[in-house]
Amino acid sequence: MEKKREKRTSRKEDRIVSVCMVLVFFVYLFLGIQVNVDAGEQKTVKIGYYEAHDFQEGADDSAAKSGYSYEYIQKVASYTGWRYQYVYGEWKDLYEKLKTGEIDLMAGISYDDDRVNSMLFPKYEMINETFYIYKDTDDTTIKCGNIDSYAGKKIGVVNNDKRMMTALEDWAKEKQTDIQIQYYDSLESCAADFNQKNSAESSVTIFLLEKEQDWLVGHDTVTVGYTNDYLPYCDTDKDGKATGLVSDLIPDMFDALPGDYEPDIIYRGYNSQNEMVEALKNGDVDMIFPVSSEAWYAEQEGYQESTNVVTSPIDLAYREPYTGKMTAKIAVNKNNQLQYNYTVQNYPDAEIIQYDSIEECIKALKSGEVGSTILSARRANHLVGAEKKLNVLPLENTEDRCIGVAVGNTALLQIINHGLSILGENYGLNHTYTYMDAMRNYTAMDFIQDNIWIFTGILIVIFLCIIWYFCQRDQNMQKQAKKEAKQKQELENALTIARQANRARGVFLRNMSHDIRTPLNAIIGFAKLAMKSEGNFEQIQDYLNKISVSGNHLLAIVNDVLEVSRIESGQTKLEELPCNIKNIVDEVEVIIQGQAQEKTQTFIVDTSKVKDYYIYCDRLRVKEVLVNLLGNAVKFTPKGGKIELRIIQNEPAPEGYANYEVHVKDNGCGMSPEFMGKMFLPFERERTSTVSGIQGTGLGLSIAKQFVNLMGGTIEVTSKEKEGTEVIVRISPRLAQTEKDERTENTESEEKDYDFRGKRILVVEDNELNREIVKAVLEETGFEVEEAENGAVAVDKIKTVGALYYDVVLMDIQMPVMDGYMATKKIRSLEDSDLANIPIIALSANAFEEDRKASTDAGMNGHLAKPVNVSELLKMLCKLF
């Protein structure tokens, strides 16, 4: 309530000031700032923004901004390209910030000589401010436009309003009139002197007469009667409260009056104008709205009308077609005396038919019972709407709506006229528009008609969705049918593959049965012969050498089969490290040269066309590819034949990479075209070992191709029977930088006498025969050997005997009770560091790289694959001591 009173007091003071003088001057409200706006640059300007009704509204970031000032500064921004940063507050606080430079712009500051020295004003004013001089209406000595009539007159002005005071002084100087300016500290003291000197009867004076003041003092409550269902002027809303123009007019009218009069306003709605007028006559209400401005009707009805509140055009609603008979019968709302009076006055010859409501009048007009009805233009669109058979004809006459008071209540009438004059003649019209939208009952059909394109679009979307649904369902059915057909085909293919795999397995088992039995027969046969050759050392040694060769061949067969299985299961991974091509070729040459010499073959190696020798590759896999290809060349080339290995580096290549071609060529038996179509399949051979006499599993080319694929390379084979074969491998590895990164192999000679006397070793192996073999080998080199049949026994023995008893442990991996990995981890976790750090070497049938890594991760110092290569075992043991 305090905030409301402050706002009302401010508005009253503004109005009082505005009527103290009649002088027009231009006020420069907008700061002039010289700005150079470059294209593409946007300057942020801080602008003071305070709340002022109709001038500057929305003084909050979350509120919508409007008003004359807001539109003005936005127009300025459209020319300057400024972006505004709003600083909110009261006028005086923002004015101080403007003077101190905290903000850049502020609207609502008048131009004067003092301010122009401290701030900049634009060349052109933003708005004009008008001041008025008011006089007693009975004083005829002062005449408008006659400057001489002001001579000797005293004009009061408030000295704390510098704008008003300066404007009056400048006006007097400009007109050269001899007036006396009397300064007052407050508007109240100025008004007291004015009222004492004059008896103002005019309703436009800003000062209330004594009888007006007495009426206000004696009436804390004002009761207002109004007509229901008469928007935009008045109505009762769903909460039982008054709405329409009347709900704004009455409080604003009293608020406009000088002083702090704030009566309690009680509204009473009536269903007809006659009821409302009767209530006024009976004293139930103090005033009524709306009533006609026609004095004759006012006299007849028994009320006095105020000055005009709002003027509205009149429309004639008629039923098409337009004819001269449409005003013969006119429908009138029997509750609306204003409509009745207007119709009688302007259409005296018409037959007036009364209905219970204006809506009933419209229905009668639609049905043809009447030809027309009279409507306020403010209500015509709402009542007629979009009716196709009805039309509206604007009439020349207008209707004035006033406030009515009881006859003789001149004090209240003067108060009302006083307030209306301050509100201005446009008040009623402006506020009427506020309630135009509320007049119409917005139906679902209205909403559809207002949004017809949206609903049309929705219907189209629904229609398209239906079409899409059926199309999608059809597509899904087709996809399902295709999926089922595909699954059926996949099942048939899987069945075919299973059958082929079954046949391949049969072929494989037959080949493997032969290939494995061949070396096994040799091993068993020569072992029996050696046992029978007692005393013949040379014969026994020959048999043992042949047993060793057959055993190595059997091991190679097993390794090839395992390698193919690993590749096909995706377990093989490349370990790319810096390598020297020449070293790899030299190592391969050592292996192949011996095989070629046994068959008196010529073996040629040419790397002269290699420029970059250092590359990243999996050394073991590259060697395996070369050995497999060259081994095949040796095997399938007769004695005295020729084997060639040539490596060529081709240009260009991507930066950091090199393109190599590896050519393996022989002049052997070659391959038939039929076999070349399946030469990369596992276990495929041109001839069986029985026919050709050449040992092999048919896995060499398959393994080579799989490794080349893993390297991202290609393999190409050309062959002709009885002329020979050439295999070309193409790879593009990354280049390595220096030789020092290359992994080198131990070139220590295998021929060495080992002496491990005084060393004790624990052999952990679940197979008794394997323990016996390893024990015999180790004891020959001087080891003292102890045995354990599983990991658990080994851990107990190590914990029992204490530190430094065993020098090394040979650990099998796959054992019952406790495997080698677990046993190693338990040993490494012992509290005694000497026991925990005892060297452990894995002896396992698991021979792949990931097996070696698993041994290292478990804490072992080395890994050797079974069957044990005695030379490699002794080398590793030698490194430990």
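**Close-ups of a helix and some salt bridges**

**View 1. E278 is partly exposed, with a relative accessible area of 39%.** (Buried is under 20% relative accessible area, exposed over 50%, and partly exposed in between, using a 1.4 Å probe and protein chains only.) This is a predicted model, so to speak of local features takes pLDDT of at least 70 and side-chain atom pairs count only at pLDDT 80 or more, while totals for chains, interfaces and linings use all residues. Residues are numbered from 1 along each chain as its sequence is written, and side-chain values use heavy atoms, leaving out hydrogens and water. K281, the salt-bridge partner of E278 at 3.8 Å, N to O, is partly exposed too, at 43%. (A salt bridge puts a side-chain nitrogen of Lys or Arg within 4 Å of a carboxyl oxygen of Asp or Glu.) Both sit in helix α9, three residues apart. (Helices are DSSP runs of H or I, at least four residues, and strands are runs of E, at least two, numbered from the N terminus.)

**View 2. D586 pairs up with K582 in helix α20.** Their closest N and O atoms are 3.4 Å apart. D586 is partly exposed at 30%, and K582 is partly exposed at 42%.

**View 3. E786 and R760 form a salt bridge between two strands.** E786 belongs to β27 and R760 to β26, so the pair ties together parts 26 residues apart in sequence. E786 counts as buried, at 19%, and R760 is buried at 19% as well.

**View 4. Helix α21 is largely enclosed by the rest of the structure.** That's because 14 of its 17 residues are buried.
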